[in-house]
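Let's take a walk through this structure, starting where the two chains come together and then moving inside one of them. Keep the viewer open as you read.

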Number of protein chains: 2
Amino acid sequence: MNIAVAQSGGPTAAINSSLCGVFSRAVKAHGIERVYGSLCGIEGIIYDNLICLNDKLKTDEDIERLMLTPSTALGSCRYKLPDRMKDDAPYRAVAKCFEKYDIGMFFYIGGNDSMDTVAKLSAYFKKSGSDVKIIGIPKTIDNDLCETDHTPGFGSAAKYLAATMREIVRDSSVYSAKSVTIVEIMGRNAGWLTASSCIVRLTGETAPHLIYLPEREFKIDRFIHDVKLKLKEHRAVIVAVSEGVEIQADNYDLSDFQSGATDNFGHKYLSGVGKCLEKVVSNEIGCKVRSIELNVLQRCSAHLASKTDLDEAFDIGAAAVDAACAGETGKMMTIQRLSDKPYAVSMGSVPADIIANEVKLFPDKWINADSNDVLPEAVDYFLPLILGEPDIKYENGMPVQMLIK
Amino acid sequence: MNIAVAQSGGPTAAINSSLCGVFSRAVKAHGIERVYGSLCGIEGIIYDNLICLNDKLKTDEDIERLMLTPSTALGSCRYKLPDRMKDDAPYRAVAKCFEKYDIGMFFYIGGNDSMDTVAKLSAYFKKSGSDVKIIGIPKTIDNDLCETDHTPGFGSAAKYLAATMREIVRDSSVYSAKSVTIVEIMGRNAGWLTASSCIVRLTGETAPHLIYLPEREFKIDRFIHDVKLKLKEHRAVIVAVSEGVEIQADNYDLSDFQSGATDNFGHKYLSGVGKCLEKVVSNEIGCKVRSIELNVLQRCSAHLASKTDLDEAFDIGAAAVDAACAGETGKMMTIQRLSDKPYAVSMGSVPADIIANEVKLFPDKWINADSNDVLPEAVDYFLPLILGEPDIKYENGMPVQMLIK
């Protein structure tokens, strides 16, 4: 029997580590011969676009290099499987591919959209009496999947954010004039990553001085009030704001930065919350102001990956193979936190259909009453996830990577 | 006798390393008792705002931590000294401060604006018969100072850019749809940093596929033509563009992203070239397009500093003390490159007045005929500057820093 693995959704610094975990456990597992990589997510299965990973990953060094390579080594997609009662053609294409390559297990590394695919495919195969096992492996820098304490990829993004935001704090602190620096952070629906910027305070910095999450309403008037207040206390005010906040403005034309366009999963394209708030501060307060959009850097900065994150991403990939070997299907692997101090976790699994298309918000209990900061309790949750630095090799002054496509 | 040191202009990842070089050599030099740090550049001297660095930097570990702390530890300013024939009040304030603290040498770490200050101050002290020595120490990520092979701070910025751009390449390569990613890079007048992105090709990447520098004219029509052509060859086209290009457009309204405002040195505030080109690609080509502004991250990312750069920044600070002790004044320290392979440099000095307010452009001979790329010869110049990684200590998952203000 052979197995297949694919990656989906937006890149992270840890998603290839999960691929390595699947591969490494599979090559040691009894009864698994070959590990196929499906190019561009589930589309590689549907369109018969597979590569044999055993031909690509030959040494421990290959694995180590791939673990430290950001983004999806096998490519990605944003493909949403149709309801099989309405259109079963893609399902039949998957079944045909699995038969052709003798694939008995399929591992899909992705976010909640990918778990929709896992749930639908496993239901299809169960219904058709097939023994193929389908397991989802969580991945998202947004940390917004239900039923898991956190998601692989998040810790590295949070570590990048913390280190980078501290450098931004240093940068913004050099001039004697008052200033406001607005850092726009990814997180479409949930504010986990933005909230994690509170870790910076462990260094003794007072920044970020304001943290705005999409979980609470965001009023322009209140924002201006908050910034004015912080400028009285601090020379260089740092604001962390989620790209996902929905700005409520009565007197501002915000049409420039919100688009009505939606992707295949119904997401609004978001960009420019930071730039918008920069203009608001400039107009209403008039001090020096700068906005910084961390953009894709926060999801692919493997050079600043969290070792804890990479290790867990690897382990959960390996645990997925164990689960499939034990007969599980239609599941998403999960991480349960056993304790903060000392940090300890265990791996588990839950039915993928309870994850699919659901979003886990940042807990209300960790947001302050003014909706402009997170509470210190959140630090205990975040800190263990960003600890540890992998041993990165450099060549020509740049981190070594491993391309397998 | 005591000495004073100050930092000026925009932050870099290496400017504190030069501060450490001055301090470390001074404490060993015969006849120097105390090293004062002037807060917020020359303004700290004028307004009597000094701290004694001997009280702050007590151990080798302090020095090591400060070397790895980005941005100006002593703060900065953008103060331009007036012509002393028109207004000598600031000069008298400086002389008074030097007398009060028994300061016989002053070291100013900064860019070409700071060398204007060095030239003016040294001329003033010479004229008044004072023996005070004034030495400039170059610093700028723009690499645009004349008479020096390169400037401390540039190598770290280039290393950050190379590593980050490669991660952006990985990020942009995951989807099967055609896409354009535009990376906006700092460099007000000179394209050195943008040009250095060519180093990424040493990894085997074809990116960046287009490189636009302020040294050549930038026409929108030509840009659209270039991008269309590259999209035929590559699925994910990566464009490196300097913030300083002056876009020539006949049919586009570009008023959004260029401001007529100028700072004390007559610089235009620039922002949003990338966003502007993103809109142009979206309108004219219609494929997926994203712009990324590296913003201040490229000048303060000490976590990805070049060891070569940090070491040279330290050495040139130490050499400045030697030069002052040897009786030099009104000079800017320089780096001469003795060879590319093996890389070797020596330190020298030139009169600061030939540096002041001048800009060294990226060489015409290294730009291609189509004005949309740099030639391979440039790689030999850039590569040595980004080599080597300092040993960074982490605490709470973030690089350790040293604050002295």
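**Where the chains meet**

Chain A and chain B bury about 4800 Å² between them, with carbon and sulfur atoms giving 56% of that; buried area here is the accessible area (1.4 Å probe) that two parts lose on being put together, summed over both. Before going on, note that this is a predicted model, in which local features need pLDDT of at least 70, side-chain atom pairs count only at pLDDT 80 or more, and totals for chains, interfaces and linings use all residues. Residues are numbered from 1 along each chain as its sequence is written, chains are lettered from A and ligands numbered from 1 in the order in which they are written, and side-chain values use heavy atoms, leaving out hydrogens and water.

Each chain brings 62 residues to the contact, where contact means heavy atoms within 4.5 Å. Glu167(A), Tyr175(A) and Met398(A) supply 14% of the area that chain A buries against chain B, more than any other three residues. There are also four salt bridges between the chains, counted when a side-chain nitrogen of Lys or Arg is within 4 Å of a carboxyl oxygen of Asp or Glu. In a salt bridge you can look up, Lys275(A) meets Glu293(B) at 3.6 Å, N to O.

How are the two copies related?

**Inside the chains**

Now find helix α8 (residues 220–233) and helix α9 (residues 273–284) of chain A, which pack at about 65° with their axes 11 Å apart. Helices are DSSP runs (H or I, at least four residues) and strands likewise (E, at least two), numbered from the N terminus. The axes are lines fitted to C-alpha atoms, for helices over the stretch in contact, with angles running from 0 to 180 degrees between N-to-C directions. On the α8(A) side, Ile220(A), Phe223(A), Ile224(A) and Lys228(A) meet Leu277(A), Val280(A), Val281(A) and Glu284(A) of α9(A).

Finally, check a loop of chain B. Pro208(B) sits between α7 (192–195) and β7 (210–212), and the peptide bond joining Ala207(B) to Pro208(B) is cis, with omega about -5°.
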